[in-house]
Amino acid sequence: MSATAPETDRRTDDAPGEKASAFVSLSRVMFVAFLRDRAALFFTLALPLMFLVLFGFLFKGATSPHVKVAQVGQVAVLDSVRGDERAGLDQVLTITQVPDEATALQKVRKGDFDALVEQGPNGQVVVRYSAADQVRAGGVQAVLQSVIQSANQQATGQPPKYTLAASQVEDQSLKPIQYLTPGLLGWAVATGAIFSASLSLVSWRKKRLLRRLRLAPVSVGSIVGSRVLVTCVVALMQTAIFLLVATTPVFGLKLTGNWWLVVPLVLCATLAFMSIGLVTGAIAKTEEAANGINQVIILPMSFLSGAFFPLDNSPQWLQQFSHVFPLRYLVLAAQSVLTRGGGLLDCLPAMGGLLAFAAVLTALAWRLFRWEDA
Amino acid sequence: MTTAITADGIRKRYGDVQAVDGVSLTVESGEFFGLLGPNGAGKTTTLEILEGIREPDEGRVELLGLRPWPRNPKLLPRIGVQFQASAFFDRLTARETIRTFASFYGIGHRRADHWLDRVGLSESASVATDKMSGGQAQRLSIACALVHDPELVFLDEPTTGLDPQARRNLWDLLRDINAEGRTVLLTTHYLDEAEVLCDRVAVMDHGKVLRTGAPAALVRELDDTVRVSVESGLITAERARELFASAGAEVSAVEDNGVLLSVATRLPAPVLSVLAEQNALRGLEVRGATLEDVFLHLTGREYRA
């Protein structure tokens with residue numbers, strides 16, 4: 001650092017390009033360590049991707065609530081549906097003929113069918129369902145109700161007075177891949193950034209590497225800066241891999257116009273997550289303790305921030321509570337820019353919030369920071 | 001001769017423990033200085049204060065005329081520090097490790113590799129640091145402390161945990177480093193190591209420096225006491241004392257620890273003749289005083305490493 005005369009002399013006997021500043025060489029050291037650490041590679045790159053593939057396939061068929069119905073004997077209303085209406089009915093309902101009521105009931109109880117339908121007296125249609133899956137039970141009733149309504153209406157011989165013209169609005173309802181990609185990406189970035197900041201702080205302190213650095217003319221800025229750089233590069237690697245996989249035809253994610261805004265968004269979020277890691281790394285004395293504290297933060301944060309499933313159906317208080325987590329802002333803003341056509345204005349507030357969060361926690365970490373074990 | 005280290009009345013307390021209790025030291029430029037004492041004597045804390053890692057509660061320290069606390073970036077390139085634990089980066093080889101440390105001082109690969117060679121690690125340059133033996137790790141850690149050619153080197157128990165051969169090899173290296181004009185401050189709890197390597201030593205216990213001087217001078221101050229020892233059980237300590245008294249042999253102590261009967265004296269000849277008359281010479285050993293005796297004399301208790 002200080003350019004005294006003998007220092008300058010000793011620098012001359014090396015070829016140019018062989019020497020690196022502390023910042024560059026620390027960055028290289030951390031990146032090399034990351035690439036050589038199989039566990040880190042697995043947890044930051046492979047595992048989130050496995051989740052994406054797994055959940056992507058699991059939820060793929062779950063978009064339209066298709067229900068299976070066992071029909072016992074003849075049911076006039078159902079049997080009379082023909083033509084286009086029949087095709088429409090088949091999209092939501094699979095009707096299977098079952099010879100007797102006892103067998104059909106048994107199968108409904110076991111969950112092989114969602115409901116059984118049979119002809120009652122006086123034009124009644126009897127539906128029996130299991131309450132185990134309330135959504136499907138409701139679905140069966142709604143579908144059959146509408147079939148009967150339209151049959152009744154047709155029986156009057158009049159054209160219907162009111163009709164429903166239904167058409168889909170572009171992507172207002174999220175397909176699984178559309179919330180899984182930003183959600184799992186957010187979770188992956190959070191895990192990577194929190195753990196890398198926290199564990200390198202704890203292990204460098206424990207191994208006395210921090211002391212060694214302190215006794216070398218290396219600035220704190222180089223140490224922190226190189227860690228930030230490497231963690232940001234890793235987060236962008238995660239983002240690139242996620243988007244590549246999710247946009248393959250198998251998963252079929254369609255990126256919207258301003259999707260590249262996810263890059264500054266992920267960078268802001270990485271700073272916010274690293275600041276969490278700096279705090280836990282300053283508190284924890286051992287790697288094991290840091291691991292535990294980080295998990296206790298990451299798991300609830302991921303669930304409550306909508307990383308694994310959308311929060312829309314969760315209770316109001318929970319949605320309010322989720323506002324404290326930086327991951328929520330990343331997930332929602334990433335959803336917006338990646339899949340809902342959101343622009344700069346949609347993610348600027350999130351970026352601002354994430355940076356503010358990072359500033360507050362970094363200030364806290366600064367206060368808690370120790371070079372040495374007490 | 002200029003002064004490399006000056007410490008004046010440094011004190012440091014941790015809770016109820018007064019770890020360092022008024023230590024004053026002066027180490028001249030080019031000296032090989034040893035800080036001796038058993039575990040818990042306050043060596044490590046003293047060293048950390050000298051290096052500028054900890055702030056003393058009281059007293060002042062100067063290294064090469066500069067204050068080490070608070071962290072002084074002007075001083076750092078001029079000192080080299082090696083710790084007991086090997087502080088290496090994760091998942092790097094020996095060569096990558098030393099090149100990384102070299103880069104902190106603006107030093108290129110060639111000089112870094114040269115140091116690997118000097119500590120005899122060029123063969124193991126591609127070995128990951130966590131796969132190295134204790135001796136190799138220790139040598140790499142010393143190379144990392146020396147890579148920027150510091151004027152003043154701190155070594156904290158560098159030979160702890162090494163086998164005798166590795167220890168001797170390391171002693172040769174340390175002597176060379178000192179012979180090149182570097183001031184070396186070494187802490188050790190091996191008194192033999194200090195006798196072999198150090199120009200001067202400071203003996204510490206309970207956070208205080210009990211005595212400072214050249215090892216040979218400290219031993220001489222013990223009035224040239226010689227220890228004569230024979231196998232235990234040939235003669236009782238009590239009987240020996242009576243015989244020594246009647247033969248006019250001056251002894252300062254007679255002890256039987258169950259293995260050896262040892263006699264401390266300034267004049268070994270009459271002691272030996274008494275023992276010969278009693279035919280009690282089996283396992284005879286006669287040795288001059290060592291730093292261990294100095295320690296026993298200074299603290300009144302056995303040296304416990």
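## Report on a two-chain model

Strands E11 and E12 of chain B form a hairpin, with three residues between them. Gly258(B) sits in the turn and has a positive phi of about 95 degrees. This is a predicted model. E11(B) covers residues 251-256 and E12(B) covers residues 260-265. The two pair in the antiparallel sense over five bridges. Within this pairing, Val251(B) stands opposite Thr265(B).

**Chain B overall**

Chain B has ten helices and 13 strands. Its C-alpha atoms fill a box of roughly 75 × 45 × 40 Å along the principal axes. The chain holds 305 residues, and buried residues make up 46% of them. Take the contacts in chain B with a separation of 6 or more: residues 24 or more positions apart account for 67% of these.

**The open sheet**

Strands of a sheet pair through backbone hydrogen bonds, either parallel or antiparallel. Which kind of pairing is found in the open sheet of six strands in chain B? The pairing is mixed, and the strand order is E5-E6-E7-E3-E8-E9. E5(B), residues 79-82, and E9(B), residues 208-213, are the edge strands. Each of these pairs on one side only. Neighbouring strands of the sheet are turned by 15 degrees against each other on average, with direction ignored.

One pair in the sheet runs parallel: E6(B), residues 152-156, and E7(B), residues 183-188, are joined by five bridges. There, Leu155(B) has Leu186(B) of E7(B) as its bridge partner.

Helix H4(B), residues 134-146, lies across E5(B) and E6(B) and runs at about 165 degrees to E5(B). Helix H10(B), residues 291-299, lies across E8(B) and E9(B). H10(B) runs at about 45 degrees to E8(B), which spans residues 200-205.

**A buried valine**

Val20(B) belongs to strand E2(B), residues 17-28. Is Val20(B) buried or exposed? Val20(B) counts as buried because it has 31 C-beta neighbours inside 10 Å; the cut-off for buried is 20 or more. Neighbours within four places in sequence aside, Val20(B) is in contact with Ile10(B), Arg11(B), Lys12(B), Gly42(B), Thr45(B), Thr46(B), Ile49(B) and Gly207(B). Arg91(B) is 71 residues from Val20(B) in sequence, and their C-alpha atoms are 37 Å apart.

**Backbone exceptions**

Most residues other than glycine have a negative phi, and most peptide bonds are trans.

| Residue | Phi | Other C-beta atoms within 10 Å | Class |
|---|---|---|---|
| Arg208(A) | about 65 degrees | 21 | buried |
| Asn279(B) | about 55 degrees | 9 | exposed |

Arg208(A) is in the loop between helix H8(A), residues 176-206, and H9(A). Asn279(B) lies in the loop between helix H9(B), residues 268-277, and strand E13(B), residues 285-288. Arg208(A) is buried because 21 other C-beta atoms lie within 10 Å. Asn279(B) is exposed because it has 9.

There is also a cis peptide bond, from Trp69(B) to Pro70(B), with omega near -5 degrees. Pro70(B) is found in the loop between strand E4(B), residues 58-63, and E5(B).

**Helix packing in chain A**

Two packed helices are described by the angle between their axes and the distance between the axes. Helix H10(A), residues 220-246, packs against helix H11(A), residues 262-283, at an angle of about 130 degrees. Their axes are 10 Å apart. The angle therefore makes H10(A) oblique to H11(A). The crossing is right-handed. From H10(A), the contact draws on Val228(A), Thr231(A), Cys232(A), Ala235(A), Leu236(A) and Thr239(A). From H11(A) come Val262(A), Val263(A), Val266(A), Leu267(A), Thr270(A) and Met274(A). These residues divide into nine nonpolar, three polar and no charged.

**Where the chains meet**

Chain A gives 27 residues to the contact between the chains and chain B gives 26. On the side of chain A, the elements with two or more residues are helix H1(A), residues 5-11, helix H2(A), residues 22-36, and helix H9(A), residues 209-214. Which element gives the most to this side of chain A? H2(A) does, with six residues. By type, the side of chain A that touches chain B has eleven nonpolar, two polar and 14 charged residues.

Notes:
Residues numbered from 1 in each chain as written. Chains lettered and ligands numbered in written order. Predicted model: local features only at pLDDT ≥ 70, side-chain atom pairs only at ≥ 80, totals over all residues. Pairing = 2+ DSSP bridges. Helix = DSSP H or I, 4+ residues; strand = E, 2+ residues; numbered from the N terminus. Axes fitted to C-alpha atoms, helices over the stretch in contact; angles between N-to-C directions. Parallel < 35°, antiparallel > 145°, perpendicular 65-115°, else oblique. Left-handed = near helix turned anticlockwise from the far one by under 90°. Contact = placed C-beta atoms within 7 Å. Nonpolar A, V, L, I, M, F, W, Y, C, P; charged D, E, K, R; others polar. Buried ≥ 20, exposed ≤ 12 C-beta atoms within 10 Å, placed from the backbone.
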